[in-house]
Amino acid sequence: MTQLDLISDTADTIRSWDPAREAALERLRRFVPSSGRTYADTRNHDFGPDNRSNISALSPWIRHRVILEEEVLAATLNRFSASTAEKFIQEVFWRGYFKGWLEQRPDVWIRYRTALAHQIAALDANSGLRKAYCEAVEGRTGIACFDAWAKELTETGYLHNHARMWFASIWIFTLRLPWELGADFFYRHLLDGDPASNTLSWRWVGGLHTKGKTYLAIPDNIARYTGGRFRDTHGLARAAEPLDEPPLGGRVPIPAASAPPRSGRCVLLITEEDTHPESWETGGLTVVAAAGLSLAAHRSPLPVSPAVERFSSAVVNQGLARSARHFGLDPGIVLPAENWTGALAALAQAADANMIATAYAPAGPVGDALRAAAADLAAAGLMLIQFRRPYDDLVWPHATAGFFKVKAKIPQILERLGL
Ligand SMILES: Cc1cc2nc3c(=O)[nH]c(=O)nc-3n(C[C@H](O)[C@H](O)[C@H](O)COP(=O)(O)OP(=O)(O)OC[C@H]3O[C@@H](n4cnc5c(N)ncnc54)[C@H](O)[C@@H]3O)c2cc1C
């Protein structure tokens with residue numbers, strides 16, 4: 001495949017974002033030859049939405065586990081040595097690092113959601129804040145690069161990593177808007193929107209994740225890495241004083257996942273957290289039915305982009321269809337986002353099941369919804385089983401401080417995964 005083919009291929013990817021697993025595998029196959037040194041040398045360049053040839057553009061699929069981190073790692077290691085593909089491999093591990101970190105500090109997620117509700121209320125009460133916020137999210141600040149990224153995000157559901165960093169930095173330090181509203185704007189529009197990666201990356205830019213270390217967007221850096229698209233960026237903050245917040249509570253143990261019972265009849269519950277039920281370790285359980293649930297609308301009290309809702313529903317529905325084929329089931333049902341526990345309990349009763357089996361949902365709207373549902377399901381005589389993938393069990397315990405701890409363990413983790 002020539003570089004030109006790869007460029008037009010990624011332009012199509014970004015325009016259409018086909019939710020199918022086959023599309024993700026095809027994109028992976030085409031990207032792998034670039035995942036070695038080429039990726040390490042070029043990944044920081046944001047050539048714009050029509051050229052994503054230097055990065056994988058796999059995040060919307062990986063985030064929903066349409067394809068798995070192990071599959072991405074295996075594909076690159078099939079082609080390159082671990083040292084040649086070191087940079088790409090490390091990036092893949094960042095997602096697990098952030099998930100594991102947030103899982104051990106649930107108060108960061110709760111605090112974000114609480115602060116966001118206050119900031120949204122403040123938009124109604126404070127006309128100056130509302131005006132500045134609307135200018136930012138509608139791309140009308142007069143800062144050309146920022147305005148272009150705001151529009152690119154809402155139009156494509158994706159931004160390059162470097163653009164996300166510059167955007168968040170300008171939002172916080174130049175426009176002086178509350179970081180929670182910026183994180184919410186991303187989360188409502190990113191097809192790969194992930195509670196951990198998004199919330200913690202915004203906190204990292206603002207100096208809250210690595211205490212006192214901020215990220216400052218610098219005009220020369222923007223000009224250099226945007227392929228000449230944004231040469232004259234004026235008026236950006238020249239300093240980035242870290243944000244401050246009251247001390248966080250301590251780290252908590254990673255909640256226990258369920259050990260699969262030796263027997264029982266279960267309904268699979270497929271959520272947007274993990275749409276690859278074929279690889280769930282269902283052990284001795286008999287799978288008798290399947291249901292799909294997309295809670296994309298729960299990402300925010302504000303409206304979530306229709307593209308995000310469509311993508312989330314599509315990956316869940318496709319996981320449901322594949323699970324029916326894999327387990328030899330009748331076509332599964334799609335649960336309504338409201339009163340989904342009632343519909344799920346009715347399905348379980350009709351299928352004579354005594355368990356609901358689902359993928360472990362880390363901190364985020366789905367995790368919150370499952371926690372809230374456990375009592376209702378128990379009252380209906382249904383045990384909720386949450387499988388956690390071995391990949392998460394291998395990565396999360398090392399996410400106790402900075403990424404360096406996970407990074408140091410990558411060779412051992414790859415070995416444990418048989419890669
Ligand atoms: C402010 C901000 C907000 C972000 N919000 C999200 C988000 O909501 N969801 C999300 O998936 N990523 C988020 N990221 C991380 C990162 O920008 C995207 O994962 C990446 O740009 C996806 O593009 P790609 O698939 O081409 O990545 P590649 O560069 O090709 O990397 C391969 C894979 O590694 C993982 N990865 C790479 N970089 C990161 C990273 N910094 N953090 C976590 N995982 C990473 C992703 O799964 C990605 O698909 C955010 C970053 C910033 C700075």
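Me: How far is a nitrogen atom of the ligand from an N or O atom in the side chain of Glu91?
Reply: Happy to start there! This is a predicted model, where local features need pLDDT of at least 70 and side-chain atom pairs count only at pLDDT 80 or more, while totals for chains, interfaces and linings use all residues. Residues are numbered from 1 along each chain as its sequence is written, and side-chain values use heavy atoms, with hydrogens and water left out. Between that ligand nitrogen and the Glu91 side chain, the distance is 3.1 Å.

Me: Which side chain has an N or O atom 2.7 Å from an oxygen atom of the ligand?
Reply: Tyr158 has a polar side-chain atom 2.8 Å from a ligand oxygen. The 2.7 Å distance to a ligand oxygen belongs to Asn161.

Me: How many residues surround the ligand?
Reply: A residue is near a molecule if one of its heavy atoms lies within 4 Å of it. The closest are Tyr39, Ser56, Ala57, Arg95 and Asn161. The residues around the ligand number 26.

Me: How far apart are the C-alpha centres of domain 1 and domain 3?
Reply: An automatic or database domain assignment sets the bounds. Domain 1 is 3-103 + 395-416, domain 2 is 107-225 and domain 3 is 265-387. The C-alpha centres of domains 1 and 3 are separated by 26 Å.

Me: How many residues does domain 3 give to the contact with domain 1?
Reply: Contact here means heavy atoms within 4.5 Å. Domain 1 brings 16 residues to this contact. From domain 3 the number is 15.

Me: Which residue meets Arg63 in a salt bridge?
Reply: A salt bridge needs a side-chain nitrogen of Lys or Arg within 4 Å of a carboxyl oxygen of Asp or Glu. Domains 1 and 3 have one between them. At 3.0 Å, N to O, the side chain of Arg63 meets that of Glu273.

Definitions and conventions. A polar contact is a pair of N or O atoms within 3.5 Å; within protein, one must be able to donate a hydrogen and the other to accept it, and residues adjacent in sequence count only if both atoms are side-chain atoms.
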